[in-house]
Amino acid sequence: MTNVSSAVAVSRNPATGEIIARYPFASSADVSEALASVDSAFRQWRHSAMSDRVTLLQNIANALRQQAQALAEMMTREMGKPVDQGLAEVEKSAGLCEWYGEHGPAFLKREPTLVEGNKAFVDYLPLGPVLSVMPWNFPVWQVLRGAVPIMLAGNSYLLKPAPNVMGCALLLRDILTNAGVPQNLFAVVNADNDGVAQAIGDKRIAAVTVTGSVRAGAAIAALSGAAIKKCVLELGGSDAFIVLADADIDAAVKGAIAGRFMNNGQICIAAKRIIVEAAVFEQFSEKFVSAVKAMKVGDPRESGTWIGPMARFDLRDELDAQVQATLKEGATLLLGGHALPGEGNWYAPTVLSDVKPGMTSFDQELFGPVASLIVAVDATHAVEMANDSEFGLGGSLWSRDLARAQQLASQIETGGMFINSPSFSDPRVPIGGVKKSGFGRELSHFGLREFTNTQTVWIES
């Protein structure tokens, strides 16, 4: 969990350093009131008709599209997301609502078993209020990809957003309320660490979902375990982006640019370790550096900007320390490697080469616009290095031989592998990790059923 050093959460424009707003943290009484409200909302919502829930999701989708510009601009102001990417995030979230509205009810239907004579079946029943501790990097998509299936399953949702994007959280809550979401079915609480612990320990919270750092996930998992409550963790990642010698190099370069630098490089499933077979390393490296140089760095409010400011000043300092440590360990700097001047929180798009296992940028997660290029002797070596990580969230593998690529993908220890594509999330498939990247799944029917009571009913006539 984020350490709290003051009595307020501060929303700051990372492009200028200007403070936008201050939001007082919730008192113990405030947290208790929020818990009572989402519990009351759940008691009513759990009995709602599935058709009403589906209609609500379509209404949310419509409202998101109507307010897309306002949401995108708020993301740009609070965490520096280029406005084009913010608009795409809102549209993706609207599509999520429609996908779950179309397919979700079937995933929650009563399910027959293999017991003879139809004497047993399985129901997927709501659990109760779910506490959601969310990060700042996707303040609309990240929230809704959990909230939508949670509410569709009949639960209520209590959001504890990252302190620096409280404006996004409150705007999203208001948009959902205006779309017809019942009062307090989707609620927001500006809790500090003590408030989160209070909520997890309260009997009214049925389960917890977390997206964030390993440190935050470990702390919340410990609290959830002590309270005997289910939690889903989607934590850090240091995804491998493997380019084999037979890959389409131009396509791989384009994919690596998107996979590493989208959202200013601040994505858990970003392509953080780019592992390239030696036979094509020089060719890939030259084209990749050229493509990085061509990215537009600038005002995130302007269409066409690819790299804006980093969201938090402390994370820029941490990123720079990791880059400098990697260089001292023997890596080569091909581009960038420094903060950009000015009052804002800017960092130059950076490419490190000659990165090896044991170096900082290989072993740690670098959350920002920094790419690490790594040479592999062959495909076997590439897989070995991909697995040489405490993380296991996602990964990419590029090759023209699809059968071989699939065989290699199954050897890589991650929750998801993308062949000839950068990693991404999509409602049709689950997302989640192994190792220190967490456990449990979001999205698809797996994510929809995570926060349900899988109840067996056996009937003897």
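How many aromatic pairs does a search of the whole structure find? The search turns up 8 of them. Keep in mind that this is a predicted model.

Take Tyr 157 and Phe 186 to begin with. Their ring centres sit 5.2 Å apart with planes at 20°, so this pair counts as stacked. Tyr 157 belongs to strand 6 (residues 157-160) and Phe 186 to strand 7 (residues 186-188), so the pair ties together parts that are 29 residues apart in sequence. Tyr 157 is buried, at 0% relative accessibility, and Phe 186 is buried too, at 4%.

Phe 418 and Phe 424 make a tilted pair, because their planes stand at 55° with the ring centres 5.0 Å apart. Phe 418 is buried, with a relative accessible area of 17%, whereas Phe 424 is partly exposed at 39%. Elsewhere, Trp 99, Tyr 100 and Phe 107 come together in one aromatic cluster.

| Charged residue | Ring | Distance from the ring centre |
|---|---|---|
| Lys 81 | Phe 138 | 4.1 Å |
| Arg 273 | Phe 362 | 4.8 Å |

Now for the core. The largest nonpolar core has 94 residues, and the members that touch the most others are Ile 60, Met 151 and Phe 186. Helix 5 (residues 141-152) supplies the largest share of this core, with 8 residues. What does Met 151 touch, not counting residues up to four places away in sequence? Its contacts are Trp 45, Arg 53, Ile 60, Tyr 157, Leu 176, Val 181, Leu 185 and Phe 186. So both rings of the stacked pair turn up in that list. Another core, of 25 residues, lies apart from the largest one, and its members include Ala 271, Val 280, Val 289 and Ile 307.

An open sheet of 6 strands runs in the order 7-6-5-8-9-19, with mixed pairing. Strand 7 and strand 19 (438-439) are at the edges with a single partner strand each, so one side of each has no neighbour in the sheet. Strand 5 (residues 130-133) and strand 6 run parallel and are joined by 4 bridges; Leu 131 has Leu 158 of strand 6 as its bridge partner. Helix 8 (residues 214-226) lies across strand 5, strand 8 (207-211) and strand 9 (230-234), and runs at about 170° to strand 9.

Strand 1 (residues 8-12) and strand 2 (residues 19-24) pair in the antiparallel sense, over 5 bridges. Ala 9 stands opposite Tyr 23 of strand 2. The hairpin these two strands make has 6 residues between the strands, and there Gly 17 takes a positive phi near 85°.

Finally, have a look at Asp 239. Is Asp 239 buried or exposed? With a relative accessible area of 3%, Asp 239 is buried. Asp 239 lies in strand 10 (residues 239-243). Ala 386 is 147 residues away from Asp 239 in sequence, yet the two are 7.7 Å apart in space, C-alpha to C-alpha. Leaving aside neighbours within four places in sequence, Asp 239 is in contact with a run of residues that includes Cys 268, Ile 269, Ala 270, Ala 271, Lys 272 and Arg 273. Leu 393, Gly 394, Gly 395 and Ser 423 are among the contacts of Asp 239 as well.

How values were computed
Residues numbered from 1 in each chain as written. Predicted model: local features only at pLDDT ≥ 70, side-chain atom pairs only at ≥ 80, totals over all residues. Heavy atoms only, no water. Core = buried A, V, L, I, M, F, W, Y, C linked by side-chain atoms within 4.5 Å. Buried < 20%, exposed > 50% of the residue type's maximum accessible area, 1.4 Å probe, protein only. Contact = heavy atoms within 4.5 Å. Phe/Tyr/Trp six-rings, centres within 6.5 Å; stacked < 30°, edge-to-face > 60°. Lys NZ or Arg CZ within 6 Å of the ring centre and 35° of its normal. Pairing = 2+ DSSP bridges. Axes fitted to C-alpha atoms, helices over the stretch in contact; angles between N-to-C directions.
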